[in-house]
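Please read them with the structure open beside you.

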Amino acid sequence: MCTRRKYGVRDGLGGSTLIEIKDLHKVYAFGEKQIEALKGVNLRVEKGEIYGVVGSSGAGKSSLIRCVNLLEKPTSGQIRVGGLDITSLKGAELRDARKRIGMIFQHFNLLSNKTVFHNVVVPLYLAGVGKKEAAQRVVDLLHLVNLDAKANAYPGQLSGGQKQRVAIARALATNPEVLLCDEATSALDPQTTDSILQLLKEINRTLGITILIITHEMNVVREICDRVAVMEDGQIIEEGTVVELFTMPRTETAKAFTKAVMGDSVPDDLLNRSHAGQLVKITFLGPHASDPILSTLSKRFPVYANVLHGHIAKIKDVPFGILVVELTGEKDNILAGIEFLNQQGMKTEVLQHG
Amino acid sequence: MDNHWAELGSMLLQSLTETATMVSISIVISALVGLPLGIILVITREGHIAENKWVHRLLGALINVLRSIPFIILMVAIVPVTKAIVGTTIGTKAAIVPLVFYAGPYIGRLVESSLMEVDKGVIEAFLAMGASPLQIIWRVLLPESIPSLILGITIATVGLIGASAMAGAIGGGGLGDLAIRYGYQQFETDVMVITVAVLVVLVQGIQTLGNLLASRLRHG
């Protein structure tokens, strides 16, 4: 938890739990054959955070998110949303609970024969909101998702990104506490994905809506999530803040996922060559990423630092970077220098001793 | 000669009116019967919003039985039902009852196939919004399949025009009856040709109208 505070990633508002999943199992039966999609999943999503569940297809993440509003009925286990035990609800009670949980999908799922306006107004009608009030609310919602001019267009006339914006407006119509995103950007190109992610981030920030997002795209997690769980074979195998996941992935799956997005691997030819000094990989995180750390190092210790490779990226809004440097000088000085870097909050790893 | 054409004209007009009456009343009642049948067939399917294996199977079987009876036999077989409903077993009014028994289940199947085309994802989105089964029928299933439903009703209307020709056998009158009685049985070929020509125009007109309406309402 201390990593979160340290790197300025926002804590849950007051830290109260909004979604709590306990020992969730889901078994699908195909005749004789049984497939266990969820094998005892435990998860807590705090109020106000953006929580990501990442995993390859078939890992069970889709079953997991669909259990949260009971589109999928869990075989056993418990799900609480805002203190309410969802798994015990039926009929009208379940429908009322669902009105407090918005959801968007990979394929948008809009009414194709109805206008954008109608698509967004429907949940308001379902909730019993009067025509006039509903119409005003739709205007506000379309403004929020930046589609003011498209109220009378049909979904068929919109791009994928615009369709997802309509779906987001629709999901937000009834002021839900939670927004579930089921692979919401997987059908979109990278640029559109980015604009949808910015919108989700903005919604989270301005409206305080808690977002649970499942995805197989690690860049989605990096871009907007506060915390993340890695799923594999129906179980959560790793969980933590996004910064933790990217800087210190523990499982092989998490390492493979993060590597692909961060591009933080050190080029092979650097390692294969022999160097005069010590080859050190320095990982920067948060505010330190902008400190003139190497200059300070050289000033304080009789050590030369030669940059061989570098890369800077952002994890949510926290800068994150790596540098591979060759340190030359007296061995003791180099050791002291590395110690100094560690004291400054860098993570160091000696790749090659001189 | 003039007299002959005048007589033919008035006969045609009367037959056309009879056909129009039979078909229009039958199609309205059949649609009112067929629409709920089709909706129930779809929503009781496995995994749909009101899954019910037994209702689905029973209703499906009943529709299949009705649909497998040739119309000419159906007409005779349900004479007691016709008598109970309209009080008579002959005439245009009496023909409407077997026509509904014929077209109702047919429309049921057409509606079923139209509603099956509705994207499951949209239904799911509405479930997630907290919509009730009735709201899903009214807000999703029907609006999303309107163009397809209109085409289905068009097909059923054309089918009814064909079936109504046979209703002449129980004194239902209409264009088919005219063609058979004068054209076929009395060898007045010109009557038969003209009647058939009127039927062709009628069917073409209805189909064109249906297509036009469907494409106007389709936005997907």
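1. Chain A and chain B bury about 2000 Å² between them, with carbon and sulfur atoms giving 59% of that area; buried area here is the accessible area (1.4 Å probe) that two parts lose on being put together, summed over both. On the side of chain A, the residues A:L111, A:N113 and A:L126 supply 31% of the area that this chain buries against chain B, more than any other three residues. The contact takes 23 residues from chain A and 23 residues from chain B, where contact means heavy atoms within 4.5 Å.

2. Please keep the basis of these values in mind: this is a predicted model, in which local features need pLDDT of at least 70 and side-chain atom pairs count only at pLDDT 80 or more, while totals for chains, interfaces and linings use all residues. Residues are numbered from 1 along each chain as its sequence is written, chains are lettered from A and ligands numbered from 1 in the order in which they are written, and side-chain values use heavy atoms, with hydrogens and water left out.

3. How many salt bridges cross the interface of chain A and chain B? The rule, which asks for a side-chain nitrogen of Lys or Arg within 4 Å of a carboxyl oxygen of Asp or Glu, finds one across this interface. A salt bridge joins the side chains of A:R66 and B:E124, at 2.8 Å from N to O. Side chains of opposite charge can pair when their charged atoms come close.

4. Over all chains, a search of the whole structure finds 12 salt bridges. Within chain A, the side chains of A:E20 and A:R44 meet in a salt bridge at 3.2 Å, N to O. This pair links distant parts of the chain, since A:E20 lies in strand β1 (residues 17–30) and A:R44 in strand β2 (residues 33–46), 24 residues apart; helices (H or I, at least four residues) and strands (E, at least two) are DSSP runs, numbered from the N terminus.

5. In chain A, the axes of helix α4 (residues 116–126) and helix α6 (residues 160–172) come within 7 Å and cross at roughly 25°, the axes being lines fitted to C-alpha atoms over the stretch in contact, with angles from 0 to 180 degrees between N-to-C directions. The two helices α4(A) and α6(A) are therefore roughly parallel, a label for angles under 35 degrees, whereas those over 145 count as roughly antiparallel. The contact is made by A:V116, A:N119, A:V120 and A:P123 of α4(A) with A:V166, A:A169 and A:R170 of α6(A).

6. Helix α6(A) also packs with helix α7 (residues 190–207) of chain A, their axes coming within 10 Å and crossing at roughly 20°, so that α6(A) and α7(A) are roughly parallel to each other. Among the residues that make this contact are A:R165, A:I168 and A:L172 of α6(A) and A:I196, A:L199 and A:I203 of α7(A).

7. Chain B comes to nine helices and zero strands, and its C-alpha trace spans about 70 × 40 × 25 Å along its principal axes. Helix α5 (residues 92–116) and helix α7 (residues 133–166) of chain B pack at an angle of about 150°, with their axes 9 Å apart, and α5(B) and α7(B) are therefore roughly antiparallel to each other.

Definitions and conventions. Angles under 35 degrees count as roughly parallel, over 145 as roughly antiparallel, 65 to 115 as roughly perpendicular and the rest as oblique.
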